[in-house]
Amino acid sequence: MKKTRVLWLTLMSCNGNTHSFLNYPYIEQFLNDFEFIYHPIIDSDYTLEEIISQDIACDILLIEGSVADDFIKAGVPGIDIIKRYAKIVEKIVTVGTCATFGGIFRESNYKDVSGLHFQEERRTDKYNDLFEKTVSISGCPVHPEVLVSTLYAIKKGLSLKLDAYLRPKEYFSYTIHNGCTRNEYFEYKVDNHHFGELEGCMFYDHGCRGPFTHGSCNKILWNEVNSKTRAGLPCMGCTEPSFPKRNIFETKKNMGIPEFLPVGVSKRTYLTLAGITKAFTIDRLEKKLFDD
Amino acid sequence: MNDKKEQKKEQIIVASLHLFATKGFYNTTIPDIALSLKMSVGNMYNYFKSKDLLAKEIIKFVSSYFGRKIKAINEENISTKEKTRKIVEVYFQTALLKPEMIDYFLRIYLSTREVFKEGCEGMICVNDFVTEIMIYFEEGVKCGDLRDQDFFSAFGLFMGYMGGMVFLKGENVLPKELDQYIDDVSSNIYKALSA
(Lines give C-alpha, C1' and ligand atoms only; values in the text may rest on other atoms or scores of the structure.)
Protein backbone atom coordinates (compact mmCIF):
# COMPACT_ATOMS: atom_id res chain seq x y z
CA MET A 1 0.00 0.00 0.00
CA LYS A 2 1.19 3.50 -0.83
CA LYS A 3 2.63 5.33 2.13
CA THR A 4 0.68 8.34 3.36
CA ARG A 5 2.82 11.46 3.17
CA VAL A 6 2.84 13.61 6.28
CA LEU A 7 4.31 17.01 7.10
CA TRP A 8 4.95 17.62 10.80
CA LEU A 9 5.18 21.38 11.19
CA THR A 10 6.26 22.79 14.55
CA LEU A 11 5.32 26.37 15.36
CA MET A 12 5.34 27.96 18.83
CA SER A 13 6.05 24.80 20.78
CA CYS A 14 8.07 23.01 23.44
CA ASN A 15 8.22 19.92 21.20
CA GLY A 16 6.39 17.94 23.85
CA ASN A 17 4.09 16.38 21.27
CA THR A 18 7.05 15.30 19.17
CA HIS A 19 8.51 13.54 22.20
CA SER A 20 5.17 12.01 23.10
CA PHE A 21 4.80 10.69 19.56
CA LEU A 22 8.20 8.95 19.87
CA ASN A 23 6.70 6.91 22.70
CA TYR A 24 4.23 5.29 20.33
CA PRO A 25 5.06 1.60 20.88
CA TYR A 26 4.59 0.51 17.23
CA ILE A 27 6.42 3.34 15.50
CA GLU A 28 8.18 0.95 13.11
CA GLN A 29 4.84 -0.30 11.82
CA PHE A 30 3.64 3.28 11.59
CA LEU A 31 6.64 4.23 9.46
CA ASN A 32 5.83 1.35 7.09
CA ASP A 33 2.47 2.98 6.41
CA PHE A 34 3.34 6.69 6.65
CA GLU A 35 6.33 8.75 5.62
CA PHE A 36 7.29 12.17 6.88
CA ILE A 37 8.16 14.58 4.13
CA TYR A 38 9.47 16.62 7.04
CA HIS A 39 9.66 16.01 10.78
CA PRO A 40 11.74 18.06 13.26
CA ILE A 41 13.41 14.96 14.75
CA ILE A 42 12.79 11.92 12.56
CA ASP A 43 14.84 11.61 9.34
CA SER A 44 12.78 12.84 6.42
CA ASP A 45 13.08 13.33 2.68
CA TYR A 46 13.11 17.12 2.62
CA THR A 47 14.70 19.90 4.59
CA LEU A 48 12.60 22.63 6.14
CA GLU A 49 14.08 25.02 3.59
CA GLU A 50 12.79 22.84 0.75
CA ILE A 51 9.39 22.55 2.41
CA ILE A 52 9.15 26.33 2.60
CA SER A 53 10.40 27.06 -0.90
CA GLN A 54 8.56 24.36 -2.86
CA ASP A 55 5.12 22.72 -2.98
CA ILE A 56 5.93 19.14 -1.96
CA ALA A 57 3.25 16.49 -2.45
CA CYS A 58 1.66 15.70 0.90
CA ASP A 59 -1.51 14.08 2.30
CA ILE A 60 -1.74 15.25 5.90
CA LEU A 61 -0.43 18.41 7.57
CA LEU A 62 0.26 18.04 11.28
CA ILE A 63 0.59 21.28 13.22
CA GLU A 64 2.33 21.26 16.59
CA GLY A 65 2.38 24.45 18.65
CA SER A 66 0.40 27.65 18.98
CA VAL A 67 -0.34 29.98 16.10
CA ALA A 68 0.37 33.73 15.98
CA ASP A 69 0.46 35.98 12.92
CA ASP A 70 3.84 37.43 13.88
CA PHE A 71 5.52 34.10 14.63
CA ILE A 72 8.36 33.49 12.15
CA LYS A 73 9.47 29.98 11.26
CA ALA A 74 12.70 29.57 9.25
CA GLY A 75 12.47 33.14 8.02
CA VAL A 76 8.81 33.13 6.95
CA PRO A 77 5.56 33.65 8.86
CA GLY A 78 4.54 30.24 10.20
CA ILE A 79 0.99 30.81 9.10
CA ASP A 80 2.15 31.14 5.47
CA ILE A 81 3.53 27.60 5.60
CA ILE A 82 0.20 26.38 6.93
CA LYS A 83 -1.70 28.19 4.17
CA ARG A 84 0.59 26.83 1.45
CA TYR A 85 0.24 23.19 2.56
CA ALA A 86 -3.43 23.48 3.50
CA LYS A 87 -4.08 23.75 -0.25
CA ILE A 88 -2.09 20.58 -0.96
CA VAL A 89 -3.20 18.20 1.79
CA GLU A 90 -6.38 16.28 2.30
CA LYS A 91 -6.49 16.85 6.07
CA ILE A 92 -4.96 19.11 8.70
CA VAL A 93 -4.47 17.77 12.22
CA THR A 94 -3.74 20.10 15.12
CA VAL A 95 -1.50 18.05 17.38
CA GLY A 96 -1.78 18.95 21.07
CA THR A 97 -3.52 21.65 23.07
CA CYS A 98 -1.34 24.56 21.86
CA ALA A 99 -2.16 23.95 18.19
CA THR A 100 -5.82 23.43 19.08
CA PHE A 101 -6.55 26.11 21.71
CA GLY A 102 -3.41 28.21 22.12
CA GLY A 103 -2.21 26.49 25.31
CA ILE A 104 0.52 27.92 27.51
CA PHE A 105 1.90 30.21 24.77
CA ARG A 106 -1.14 32.44 25.20
CA GLU A 107 0.98 33.79 28.07
CA SER A 108 3.85 34.73 25.69
CA ASN A 109 4.61 38.18 24.28
CA TYR A 110 3.29 37.35 20.81
CA LYS A 111 0.04 39.00 19.80
CA ASP A 112 -3.22 37.05 19.59
CA VAL A 113 -1.76 33.63 20.27
CA SER A 114 -4.32 30.91 19.59
CA GLY A 115 -4.84 27.46 18.21
CA LEU A 116 -5.54 27.14 14.51
CA HIS A 117 -9.28 27.67 14.98
CA PHE A 118 -9.81 28.34 18.68
CA GLN A 119 -8.53 30.74 21.29
CA GLU A 120 -9.54 28.82 24.39
CA GLU A 121 -13.28 28.12 23.81
CA ARG A 122 -13.72 30.94 21.30
CA ARG A 123 -13.73 30.22 17.58
CA THR A 124 -11.26 32.65 15.96
CA ASP A 125 -12.75 32.62 12.44
CA LYS A 126 -9.31 33.55 11.04
CA TYR A 127 -8.83 30.45 8.93
CA ASN A 128 -12.40 29.48 8.24
CA ASP A 129 -11.51 28.08 4.85
CA LEU A 130 -9.38 25.44 6.60
CA PHE A 131 -12.02 24.51 9.17
CA GLU A 132 -13.64 21.68 7.22
CA LYS A 133 -10.27 20.04 6.64
CA THR A 134 -9.18 20.13 10.27
CA VAL A 135 -9.22 17.49 12.98
CA SER A 136 -8.05 18.45 16.50
CA ILE A 137 -6.23 16.12 18.86
CA SER A 138 -5.82 18.15 22.02
CA GLY A 139 -3.67 17.12 24.99
CA CYS A 140 -0.51 18.34 26.66
CA PRO A 141 1.12 16.38 25.30
CA VAL A 142 -0.93 14.58 22.68
CA HIS A 143 -1.67 10.94 23.45
CA PRO A 144 0.43 9.06 20.86
CA GLU A 145 -2.10 6.27 20.35
CA VAL A 146 -4.94 8.72 19.85
CA LEU A 147 -2.87 10.64 17.30
CA VAL A 148 -1.75 7.54 15.38
CA SER A 149 -5.19 5.91 15.41
CA THR A 150 -6.67 9.14 14.02
CA LEU A 151 -4.03 9.23 11.28
CA TYR A 152 -4.90 5.64 10.32
CA ALA A 153 -8.60 6.56 10.25
CA ILE A 154 -7.78 9.44 7.87
CA LYS A 155 -5.59 7.15 5.77
CA LYS A 156 -8.46 4.68 5.44
CA GLY A 157 -10.88 7.45 4.54
CA LEU A 158 -13.13 6.78 7.53
CA SER A 159 -15.66 9.41 8.38
CA LEU A 160 -14.66 10.81 11.77
CA LYS A 161 -17.40 12.07 14.06
CA LEU A 162 -16.06 15.26 15.65
CA ASP A 163 -17.08 17.34 18.66
CA ALA A 164 -17.50 21.14 18.66
CA TYR A 165 -13.71 21.58 18.84
CA LEU A 166 -13.15 19.18 15.92
CA ARG A 167 -11.89 16.42 18.23
CA PRO A 168 -12.77 12.81 17.32
CA LYS A 169 -15.68 11.75 19.52
CA GLU A 170 -14.22 8.25 19.57
CA TYR A 171 -11.61 9.58 22.03
CA PHE A 172 -13.05 12.83 23.38
CA SER A 173 -16.63 11.89 24.23
CA TYR A 174 -15.41 10.32 27.43
CA THR A 175 -14.09 12.03 30.51
CA ILE A 176 -10.78 11.15 32.15
CA HIS A 177 -12.89 9.97 35.09
CA ASN A 178 -14.10 7.14 32.85
CA GLY A 179 -11.91 4.16 33.67
CA CYS A 180 -10.13 5.83 36.58
CA THR A 181 -9.16 3.19 39.13
CA ARG A 182 -10.18 5.57 41.93
CA ASN A 183 -13.85 5.70 40.95
CA GLU A 184 -14.99 3.89 44.10
CA TYR A 185 -13.28 6.54 46.22
CA PHE A 186 -15.09 9.22 44.24
CA GLU A 187 -18.44 7.46 44.54
CA TYR A 188 -18.19 7.13 48.32
CA LYS A 189 -16.45 10.48 48.85
CA VAL A 190 -13.28 9.00 50.30
CA ASP A 191 -10.90 11.86 49.77
CA ASN A 192 -7.94 11.06 51.99
CA HIS A 193 -5.51 11.06 49.10
CA HIS A 194 -1.76 11.50 49.39
CA PHE A 195 0.25 12.19 46.24
CA GLY A 196 1.63 9.07 44.61
CA GLU A 197 -0.48 6.70 46.68
CA LEU A 198 -3.04 4.30 45.26
CA GLU A 199 -5.85 5.15 47.66
CA GLY A 200 -8.30 8.05 47.78
CA CYS A 201 -9.89 10.40 45.27
CA MET A 202 -8.05 13.53 44.16
CA PHE A 203 -11.17 15.47 43.15
CA TYR A 204 -11.90 17.00 46.55
CA ASP A 205 -8.57 18.43 47.61
CA HIS A 206 -5.89 17.90 45.00
CA GLY A 207 -7.43 19.59 41.99
CA CYS A 208 -8.23 16.53 39.86
CA ARG A 209 -10.14 17.69 36.77
CA GLY A 210 -10.90 14.16 35.54
CA PRO A 211 -14.69 14.38 35.97
CA PHE A 212 -14.91 17.38 33.63
CA THR A 213 -12.01 16.81 31.23
CA HIS A 214 -12.57 15.05 27.93
CA GLY A 215 -10.18 12.36 26.81
CA SER A 216 -9.34 8.67 26.89
CA CYS A 217 -6.32 8.58 29.25
CA ASN A 218 -7.93 5.97 31.48
CA LYS A 219 -9.28 3.93 28.57
CA ILE A 220 -6.14 3.95 26.43
CA LEU A 221 -3.28 3.93 28.90
CA TRP A 222 -0.06 5.86 28.38
CA ASN A 223 2.83 3.64 27.27
CA GLU A 224 0.20 0.90 27.55
CA VAL A 225 0.82 0.97 31.30
CA ASN A 226 -0.62 3.85 33.29
CA SER A 227 -2.32 7.22 33.55
CA LYS A 228 -1.82 10.25 35.78
CA THR A 229 -4.77 9.48 38.01
CA ARG A 230 -3.93 5.80 38.29
CA ALA A 231 -0.40 6.72 39.37
CA GLY A 232 -1.58 9.19 42.01
CA LEU A 233 -1.30 12.52 40.23
CA PRO A 234 -4.44 14.58 39.54
CA CYS A 235 -5.70 15.09 36.00
CA MET A 236 -4.72 18.65 35.06
CA GLY A 237 -7.36 19.04 32.36
CA CYS A 238 -4.75 19.22 29.60
CA THR A 239 -7.12 18.44 26.73
CA GLU A 240 -9.47 21.32 27.52
CA PRO A 241 -9.55 24.81 25.95
CA SER A 242 -8.78 26.56 29.25
CA PHE A 243 -5.56 24.59 29.89
CA PRO A 244 -3.25 25.42 31.62
CA LYS A 245 -4.94 26.56 34.81
CA ARG A 246 -3.21 28.01 37.84
CA ASN A 247 -3.09 26.17 41.20
CA ILE A 248 -3.42 22.82 39.49
CA PHE A 249 -2.95 20.81 42.69
CA GLU A 250 -5.79 22.53 44.53
CA THR A 251 -9.53 22.07 44.25
CA LYS A 252 -11.30 25.41 44.10
CA LYS A 253 -14.04 25.26 46.69
CA ASN A 254 -16.64 27.65 48.04
CA MET A 255 -17.61 26.91 51.64
CA GLY A 256 -16.31 23.36 51.15
CA ILE A 257 -18.25 22.76 47.92
CA PRO A 258 -16.22 22.18 44.71
CA GLU A 259 -16.78 25.02 42.24
CA PHE A 260 -16.43 22.76 39.21
CA LEU A 261 -18.53 19.61 39.18
CA PRO A 262 -18.62 16.50 37.01
CA VAL A 263 -19.65 17.50 33.50
CA GLY A 264 -23.43 17.60 33.07
CA VAL A 265 -24.19 17.07 36.78
CA SER A 266 -26.15 19.86 38.45
CA LYS A 267 -24.99 21.25 41.78
CA ARG A 268 -28.21 20.11 43.46
CA THR A 269 -27.84 16.55 42.14
CA TYR A 270 -24.19 16.39 43.10
CA LEU A 271 -24.78 17.68 46.64
CA THR A 272 -27.72 15.35 47.19
CA LEU A 273 -25.70 12.32 46.16
CA ALA A 274 -22.63 13.49 48.08
CA GLY A 275 -24.74 14.04 51.21
CA ILE A 276 -25.98 10.47 51.07
CA THR A 277 -22.68 8.75 50.33
CA LYS A 278 -20.72 10.81 52.84
CA ALA A 279 -22.99 9.48 55.60
CA PHE A 280 -21.51 6.01 55.26
CA THR A 281 -18.09 4.70 56.16
CA ILE A 282 -16.86 1.95 53.87
CA ASP A 283 -14.08 0.30 55.88
CA ARG A 284 -12.48 -1.32 52.83
CA LEU A 285 -11.97 2.09 51.23
CA GLU A 286 -10.55 3.68 54.37
CA LYS A 287 -7.70 1.15 54.55
CA LYS A 288 -4.50 0.83 52.52
CA LEU A 289 -4.95 -1.50 49.56
CA PHE A 290 -1.81 -3.41 50.53
CA ASP A 291 -1.19 -3.82 54.23
CA ASP A 292 2.43 -4.96 54.06
CA MET B 1 -47.66 3.25 44.76
CA ASN B 2 -50.91 4.89 43.75
CA ASP B 3 -51.80 8.49 44.54
CA LYS B 4 -54.50 7.54 47.02
CA LYS B 5 -52.08 5.51 49.11
CA GLU B 6 -49.52 8.36 48.93
CA GLN B 7 -52.15 10.84 50.12
CA LYS B 8 -53.08 8.60 53.03
CA LYS B 9 -49.41 8.22 53.95
CA GLU B 10 -49.05 11.97 54.02
CA GLN B 11 -52.13 12.29 56.23
CA ILE B 12 -50.58 9.83 58.68
CA ILE B 13 -47.28 11.76 58.61
CA VAL B 14 -49.00 15.08 59.30
CA ALA B 15 -51.14 13.66 62.13
CA SER B 16 -48.26 11.81 63.79
CA LEU B 17 -45.94 14.81 63.36
CA HIS B 18 -48.38 16.80 65.45
CA LEU B 19 -48.73 14.09 68.10
CA PHE B 20 -44.99 13.38 68.37
CA ALA B 21 -44.15 17.07 68.61
CA THR B 22 -46.71 17.75 71.34
CA LYS B 23 -46.73 14.53 73.40
CA GLY B 24 -43.20 13.30 72.70
CA PHE B 25 -41.99 10.28 70.73
CA TYR B 26 -42.20 7.68 73.49
CA ASN B 27 -45.54 8.92 74.83
CA THR B 28 -47.19 8.54 71.44
CA THR B 29 -48.29 5.09 70.31
CA ILE B 30 -49.40 3.75 66.95
CA PRO B 31 -52.95 3.28 68.39
CA ASP B 32 -52.92 7.00 69.38
CA ILE B 33 -52.10 7.96 65.81
CA ALA B 34 -54.67 5.53 64.38
CA LEU B 35 -57.31 6.95 66.71
CA SER B 36 -56.56 10.54 65.69
CA LEU B 37 -57.17 9.52 62.06
CA LYS B 38 -60.12 7.22 62.81
CA MET B 39 -58.18 4.34 61.30
CA SER B 40 -57.77 0.81 62.61
CA VAL B 41 -54.37 -0.03 64.08
CA GLY B 42 -54.05 -2.92 61.62
CA ASN B 43 -54.60 -0.61 58.68
CA MET B 44 -51.94 1.77 60.01
CA TYR B 45 -49.38 -0.99 59.68
CA ASN B 46 -50.24 -1.27 55.98
CA TYR B 47 -48.62 2.13 55.62
CA PHE B 48 -45.82 2.07 58.18
CA LYS B 49 -44.40 -1.15 59.57
CA SER B 50 -43.13 0.47 62.78
CA LYS B 51 -43.14 3.69 64.76
CA ASP B 52 -39.39 4.08 64.08
CA LEU B 53 -39.92 3.92 60.33
CA LEU B 54 -42.68 6.50 60.63
CA ALA B 55 -40.36 8.76 62.64
CA LYS B 56 -37.78 8.65 59.81
CA GLU B 57 -40.37 9.40 57.17
CA ILE B 58 -41.51 12.41 59.18
CA ILE B 59 -38.05 13.98 59.37
CA LYS B 60 -37.67 13.47 55.59
CA PHE B 61 -41.07 15.15 55.17
CA VAL B 62 -39.99 18.13 57.31
CA SER B 63 -36.63 18.36 55.50
CA SER B 64 -38.33 18.22 52.13
CA TYR B 65 -40.76 20.99 53.18
CA PHE B 66 -37.90 23.33 54.12
CA GLY B 67 -35.85 22.18 51.12
CA ARG B 68 -38.61 23.28 48.73
CA LYS B 69 -39.00 26.64 50.48
CA ILE B 70 -35.26 27.41 50.43
CA LYS B 71 -34.89 26.14 46.87
CA ALA B 72 -37.45 28.75 45.79
CA ILE B 73 -35.39 31.43 47.59
CA ASN B 74 -32.13 30.16 46.05
CA GLU B 75 -33.67 30.45 42.61
CA GLU B 76 -34.68 34.08 43.10
CA ASN B 77 -32.47 36.71 41.52
CA ILE B 78 -31.74 38.57 44.77
CA SER B 79 -28.67 39.36 46.88
CA THR B 80 -27.31 36.97 49.50
CA LYS B 81 -28.38 39.45 52.16
CA GLU B 82 -31.97 39.27 50.96
CA LYS B 83 -31.77 35.49 50.72
CA THR B 84 -30.52 35.35 54.30
CA ARG B 85 -33.50 37.36 55.47
CA LYS B 86 -35.94 35.21 53.51
CA ILE B 87 -34.53 31.98 54.92
CA VAL B 88 -34.81 33.29 58.48
CA GLU B 89 -38.33 34.47 57.68
CA VAL B 90 -39.36 31.03 56.36
CA TYR B 91 -37.93 29.36 59.46
CA PHE B 92 -39.58 31.70 61.96
CA GLN B 93 -42.89 31.84 60.09
CA THR B 94 -42.97 28.05 60.03
CA ALA B 95 -42.24 28.03 63.77
CA LEU B 96 -45.23 30.35 64.25
CA LEU B 97 -47.70 28.75 61.86
CA LYS B 98 -46.60 25.09 61.90
CA PRO B 99 -44.70 24.84 65.20
CA GLU B 100 -44.85 21.04 65.11
CA MET B 101 -42.43 21.05 62.15
CA ILE B 102 -39.62 22.68 64.06
CA ASP B 103 -40.52 21.12 67.36
CA TYR B 104 -40.19 17.73 65.71
CA PHE B 105 -36.76 18.63 64.42
CA LEU B 106 -35.52 20.06 67.72
CA ARG B 107 -37.28 17.87 70.25
CA ILE B 108 -37.55 14.52 68.45
CA TYR B 109 -34.94 14.31 65.68
CA LEU B 110 -32.10 15.93 67.61
CA SER B 111 -33.04 14.48 71.00
CA THR B 112 -33.98 10.89 70.16
CA ARG B 113 -30.89 9.90 68.18
CA GLU B 114 -31.29 6.17 68.97
CA VAL B 115 -34.40 6.06 66.76
CA PHE B 116 -32.59 7.59 63.78
CA LYS B 117 -29.29 5.74 64.12
CA GLU B 118 -30.06 3.29 61.33
CA GLY B 119 -31.50 4.64 58.11
CA CYS B 120 -30.80 8.28 58.90
CA GLU B 121 -27.00 8.14 59.09
CA GLY B 122 -25.21 11.45 58.85
CA MET B 123 -27.52 13.92 57.16
CA ILE B 124 -29.32 11.48 54.87
CA CYS B 125 -32.81 12.18 56.23
CA VAL B 126 -32.34 15.96 56.18
CA ASN B 127 -30.55 15.99 52.85
CA ASP B 128 -33.11 18.07 50.95
CA PHE B 129 -32.79 20.89 53.45
CA VAL B 130 -29.00 20.71 53.90
CA THR B 131 -28.44 20.63 50.12
CA GLU B 132 -30.30 23.92 49.72
CA ILE B 133 -28.37 25.54 52.58
CA MET B 134 -25.15 24.37 50.89
CA ILE B 135 -26.25 25.96 47.63
CA TYR B 136 -27.10 29.20 49.44
CA PHE B 137 -23.61 29.25 51.01
CA GLU B 138 -21.77 28.23 47.84
CA GLU B 139 -23.48 30.85 45.69
CA GLY B 140 -22.94 33.47 48.39
CA VAL B 141 -19.20 32.81 48.41
CA LYS B 142 -19.00 32.61 44.63
CA CYS B 143 -20.56 36.05 44.15
CA GLY B 144 -18.28 37.54 46.82
CA ASP B 145 -20.98 38.25 49.43
CA LEU B 146 -19.97 35.56 51.92
CA ARG B 147 -16.58 34.70 53.36
CA ASP B 148 -15.13 31.33 52.34
CA GLN B 149 -14.84 29.05 55.35
CA ASP B 150 -15.51 25.51 56.47
CA PHE B 151 -19.10 24.59 55.68
CA PHE B 152 -19.91 23.38 59.17
CA SER B 153 -18.68 26.48 60.96
CA ALA B 154 -21.12 28.51 58.86
CA PHE B 155 -23.90 25.93 59.03
CA GLY B 156 -23.62 25.67 62.83
CA LEU B 157 -23.81 29.42 63.22
CA PHE B 158 -26.87 29.71 60.98
CA MET B 159 -28.86 26.75 62.26
CA GLY B 160 -27.78 26.99 65.87
CA TYR B 161 -28.87 30.61 66.09
CA MET B 162 -32.26 30.08 64.44
CA GLY B 163 -32.92 26.85 66.34
CA GLY B 164 -31.95 28.54 69.59
CA MET B 165 -34.42 31.37 69.04
CA VAL B 166 -37.26 28.96 68.27
CA PHE B 167 -36.33 26.89 71.32
CA LEU B 168 -36.46 30.01 73.52
CA LYS B 169 -39.83 30.84 72.04
CA GLY B 170 -41.03 27.32 72.82
CA GLU B 171 -39.91 27.80 76.41
CA ASN B 172 -41.90 31.07 76.57
CA VAL B 173 -38.75 33.04 77.31
CA LEU B 174 -38.87 35.48 74.40
CA PRO B 175 -40.65 38.77 75.20
CA LYS B 176 -41.68 39.36 71.59
CA GLU B 177 -43.15 37.27 68.79
CA LEU B 178 -40.63 35.44 66.63
CA ASP B 179 -41.40 37.44 63.50
CA GLN B 180 -40.26 40.60 65.28
CA TYR B 181 -36.75 39.10 65.49
CA ILE B 182 -36.44 38.40 61.75
CA ASP B 183 -34.62 41.65 60.91
CA ASP B 184 -32.11 41.51 63.75
CA VAL B 185 -31.40 37.81 63.51
CA SER B 186 -30.94 37.84 59.73
CA SER B 187 -28.78 40.95 59.94
CA ASN B 188 -26.59 39.32 62.62
CA ILE B 189 -26.22 36.13 60.58
CA TYR B 190 -25.35 38.04 57.44
CA LYS B 191 -22.79 40.19 59.25
CA ALA B 192 -21.18 37.12 60.79
CA LEU B 193 -20.94 35.30 57.47
CA SER B 194 -20.26 38.14 55.07
CA ALA B 195 -16.93 38.63 53.32
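Reader: How many residues of domain 2 of chain A are in contact with domain 1 of chain A?
Author: Good place to start! This is a predicted model, where local features need pLDDT of at least 70, side-chain atom pairs count only at pLDDT 80 or more, and totals for chains, interfaces and linings use all residues. Residues are numbered from 1 along each chain as its sequence is written, while chains are lettered from A and ligands numbered from 1 in the order in which they are written. Taking contact to mean C-beta atoms, placed from the backbone, within 7 Å, 16 residues of domain 1 of chain A meet residues of domain 2 of chain A, and the number on the domain 2 side is 13.

Reader: Which helices of chain A each supply at least two residues of the domain 1 side that touches domain 2?
Author: Domain bounds come from an automatic or database domain assignment, which gives domain 1 (4-170) and domain 2 (174-292) in chain A. Helices (H or I, at least four residues) and strands (E, at least two) are DSSP runs, numbered from the N terminus. On the domain 1 side, the helices that qualify are α5 (97-101) and α6 (144-155) of chain A.

Reader: Where is A:G102, and is A:G102 buried or exposed?
Author: A:G102 sits in the loop between α5 and β7 (118-119) of chain A. A residue is buried if 20 or more other C-beta atoms lie within 10 Å of its own, exposed if 12 or fewer, and partly exposed in between. A:G102 has 27 such atoms, so A:G102 is buried.

Reader: How far apart in space are A:G102 and A:E120?
Author: Leaving out residues up to four places away in sequence, A:G102 touches several residues, including A:S66, A:V113 and A:E120. Along the sequence, A:G102 and A:E120 are 18 residues apart, but from C-alpha to C-alpha the separation is 6.6 Å.

Reader: Which residue of β3(A) stands opposite A:L7?
Author: Strand β1 (residues 4-10) of chain A is joined to β2(A) by four bridges, and β1(A) pairs with β3(A) over five bridges. Five of the seven residues of β1(A) are buried, so this strand is largely enclosed by the rest of the structure. Towards β2(A), A:L7 faces A:Y38; in β3(A), the residue opposite is A:L61.

Reader: Which element supplies the largest share of the side of chain B that touches chain A?
Author: Between the chains, 18 residues of chain B are in contact with 14 residues of chain A. Both α8 (127-142) and α9 (151-170) of chain B supply at least two residues of the chain B side. The largest share, nine residues, comes from α8(B).

Reader: What span does helix α5 of chain B reach from its first C-alpha to its last?
Author: The expected span of a helix is 1.5 Å times one less than its number of residues. Helix α5 (residues 80-97) of chain B has 18 residues, and the expected value is 26 Å. Its buried residues, among them B:I87, B:V88 and B:F92, are covered by elements including α4 (51-74) and α6 (99-109) of chain B.

How values were computed: Contact = placed C-beta atoms within 7 Å. Pairing = 2+ DSSP bridges.
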